[in-house]
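Here's a quick briefing to read with the model open in your viewer. Take it topic by topic.

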Amino acid sequence: MWKTAAHSFMVPDSNENSLYADNNATSPLAPEVWEEMRAWSGAAFHNASALYGPARNAARAIGHAREQVAALLGLKDSHAVVFTSGATESNNAALFGAARGNPSRRHVLTTSVEHPSVLGPCAELEREGYAVTYLPVDSNGALDPAHLQHALRPDTLLVSIMHANNETGILFPVGDLARVVKEFDARVLVHTDATQSVGKLPIRFGKELDHVDFLSMSAHKFHGPKGSGALFIRESAPWRPFMLGGHQEEGRRGGTYNVPGIVGLGRACELASQYLDTHEQTSRLRDEVQAYIAGHIPGAWVNGANSPRLPNTLSVSFEGIEGEGLVHQLSAARVYISTGSACTSGSTEPSHVLRAVGVPEPFVHGSVRISFSRYTTAEEAGKLCEALAVSVEKLRRLSPKKRGVQGTPDVHPITVRTGSKGDSA
Ligand SMILES: Cc1ncc(COP(=O)(O)O)c(C=O)c1O
């Protein structure tokens with residue numbers, strides 16, 4: 001049901017009966033996070049940089065949130081955490097800040113499947129005269145460390161490799177790749193865009209991230225608020241601030257503190273570590289949906305099935321239909337998934353990621369991304385399977401592209417089996 005807000009647009013007033021499976025685009029706020037944010041949104045409105053009592057309380061809340069972020073990442077020193085407006089800003093700050101901090105080095109290495117918030121700064125650096133190498137991935141979405149090794153140059157400034165891909169969920173072994181970089185030259189900086197993996201997987205400094213100098217994260221991908229993120233900056237890394245203004249964040253990021261957003265991020269981090277064991281259940285649900293598709297919907301291709309992936313993500317391409325049509329069809333049934341990255345939704349062209357992993361041509365236009373969260377239940381996964389089978393079949397009947405797809409989906413009410421019902425805390 002929809003109701004008219006005070007303004008002219010419509011806002012949803014209930015999630016009842018809808019099924020949300022687009023958590024890589026954004027995820028619902030955890031109720032505990034909302035509670036925390038509310039406490040800092042009303043009477044406690046003060047500027048955290050001011051000197052009077054209530055403002056000092058806000059500054060303390062920010063300090064606590066910094067500790068919560070550091071704890072999730074396994075950092076001993078929370079000072080390395082700089083609050084930002086989200087991962088787009090963190091990525092821009094990492095790339096431009098590293099470039100400004102090392103003016104004599106003019107080469108950047110990244111991958112062909114990065115998020116636009118890394119590819120955009122790379123393109124800008126190219127316009128400024130930098131050389132940028134885009135490493136390819138194979139059909140499993142994997143990066144060959146030998147390619148990385150060969151591409152490193154004496155003037156390489158930065159290597160930026162994402163931790164998990166937002167469209168396919170495929171994971172890169174960032175720790176191992178960072179070691180290859182540092183063995184070549186310890187002064188080459190390493191950045192990872194970990195926006196899709198923080199909060200979904202245990203990723204920790206002091207373990208696999210020891211050679212990483214910058215890490216980007218964003219609260220809204222793991223049940224925190226939109227417009228709030230962080231950048232880890234290794235103390236020893238030469239880096240210049242990107243967002244200049246006030247003295248907030250010890251001059252590393254100017255701008256009045258977004259206190260509710262920051263405390264929301266902190267609480268979301270704390271909850272993410274408490275709920276780490278739900279990832280197994282989420283991946284079980286994902287695998288069951290994948291198995292259902294393989295068994296019941298002919299002409300389906302799972303992207304990255306043979307690669308380590310995020311537990312919540314399923315990227316699948318259906319022969320003979322348009323992914324966008326499928327998203328609309330499912331939306332009419334109040335089942336919400338996406339064609340891939342939120343940033344490329346709306347374009348009928350397959351994304352650069354699916355092109356890079358070499359999804360075969362008959363399939364690539366029919367690609368969709370399903371992304372679960374710790375709130376997804378087995379019942380919902382079952383409903384999603386049914387809705388998918390019905391919608392694919394319907395679109396194929398209507399589509400002139402359906403030729404060549406053998407068989408029709410075997411649509412039965414299905415039960416997705418898991419140990420227990422999804423967590424709804
Ligand atoms: C891998 C990746 N990096 C960066 C971003 C940008 O994050 P934000 O929305 O916080 O700017 C996203 C969001 O879709 C993402 O998936």
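Predicted model: local features only at pLDDT ≥ 70, side-chain atom pairs only at ≥ 80, totals over all residues.

Residue numbers start from 1 along each chain as its sequence is written. Helices (H or I, at least four residues) and strands (E, at least two) are DSSP runs, numbered from the N terminus.

**The sheet**

- Seven strands make up an open sheet with mixed pairing, in the order E4-E10-E9-E8-E7-E5-E6; two strands count as paired if DSSP finds at least two bridges between them.
- At the edges sit strand E4 (81-84) and strand E6 (131-135), each pairing on one side only.
- From one strand to the next, the twist averages 20°, with axes taken as lines fitted to C-alpha atoms, for helices over the stretch in contact, and angles running from 0 to 180 degrees between N-to-C directions.
- Strand E5 (residues 107-111) pairs with E6 in the parallel sense over five bridges, and Leu109 stands opposite Thr133 in E6.

- Strand E7 (residues 156-160) pairs with E8 in the parallel sense over three bridges, and Ser160 has His191 in E8 as its bridge partner.
- Getting from E7 to E8, the chain goes through helix H6 (residues 174-184) in a right-handed β-α-β crossover; right-handed means that, with the strands pointing away from the viewer, the path from the first strand over the helix to the second runs clockwise.
- E8 also runs parallel to strand E9 (residues 214-218), joined by three bridges, and the bridge partner of Thr192 in E9 is Leu215.

**The ligand shell**

- Of the 14 residues around the ligand, Gly86, Ala87, Thr88, Asn166 and Ser218 come nearest; a residue is near if its C-beta atom, placed from the backbone, lies within 6 Å.
- Helix H3 (residues 87-101) supplies the largest share of the shell, three residues.

**Helix H7**

- 14 of the 16 residues of H7 (residues 259-274) are buried, so this helix is largely enclosed too.

How values were computed. Buried ≥ 20, exposed ≤ 12 C-beta atoms within 10 Å, placed from the backbone.
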